[in-house]
Amino acid sequence: MAYSIWGFGTGFRSDTSLLPDGTFIATKWITFFYFPIIPLRSYRVKYLGSSSEFHFTGFSSTSEYQIIQKIPWEMRGNVKYLWYILAIIALFMAINLLVK
């Protein structure tokens with residue numbers, strides 16, 4: 001489901017707290033050094049566990065989720081991640097201006 005090598009890949013970020021039935025709303029993101037960059041889709045999911053392994057291509061981690069329901073993208077819960085993305089872009093722009 002969500003898979004990354006050295007922080008590059010996809011990952012879920014929780015949008016809400018745990019619901020009474022043990023599920024929660026999460027958005028699947030494309031990640032870059034474990035930072036969420038591009039939202040793909042939101043789901044109501046149940047966390048099943050994770051595993052990590054080291055092999056010749058590097059360290060990889062896999063998280064398992066049971067998808068209960070696909071839902072429209074949840075903007076409300078993802079605002080904090082969008083602010084992180086904007087802050088990173090602003091930082092790179094500021095560094096670029098200082099270097100010139």
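Colleague: Why is phenylalanine 32 called partly exposed?

Modeller: In this predicted model, phenylalanine 32 has a relative accessibility of 45%. Buried means under 20% and exposed means over 50%, with partly exposed in between. The value of 45% falls in between, so phenylalanine 32 counts as partly exposed. Phenylalanine 33, at 49%, gets that label by the same cut-offs, so it counts as partly exposed too.

Colleague: What makes phenylalanine 32 and phenylalanine 33 an edge-to-face pair?

Modeller: Let's take two steps. The ring centres are 5.0 Å apart, and rings pair if their centres lie within 6.5 Å, so these two form an aromatic pair. Then comes the angle: the planes are 70° apart, and over 60 degrees counts as edge-to-face. A search of the whole structure finds three aromatic pairs, and Phe32 and Phe33 form one aromatic cluster with Phe8.

Colleague: Which residues line the largest pocket?

Modeller: Phe32 and Phe33 turn up again, along with Phe35, Ile37, Ile85, Ile88, Ile89 and Phe92. Two elements each give two or more residues to this lining: β4 (35-55) and α1 (75-99). The largest share, four residues, comes from α1. The space in this pocket is about 150 Å³.

Colleague: Why do the side chains of aspartate 21 and arginine 44 count as a salt bridge?

Modeller: The distance from N to O is 2.8 Å, and the cut-off is within 4 Å, so the pair qualifies. A search of the whole structure finds one salt bridge.

Colleague: Which parts does the pair of aspartate 21 and arginine 44 tie together?

Modeller: Aspartate 21 lies in the loop between β2 (8-14) and β3 (24-32), while arginine 44 is in strand β4, so parts 23 residues apart in sequence are tied together. Aspartate 21 itself is partly exposed, with a relative accessible area of 45%.

Conventions
Residues numbered from 1 in each chain as written. Predicted model: local features only at pLDDT ≥ 70, side-chain atom pairs only at ≥ 80, totals over all residues. Heavy atoms only, no water. Phe/Tyr/Trp six-rings, centres within 6.5 Å; stacked < 30°, edge-to-face > 60°. Buried < 20%, exposed > 50% of the residue type's maximum accessible area, 1.4 Å probe, protein only. 1 Å grid on protein atoms, 1.4 Å probe; cavity = no way out; pocket = protein on both sides within 12 Å on 5 of 7 lines; lining within 4 Å. Points joined across faces, edges and corners; volume = space filled by probe spheres on them.
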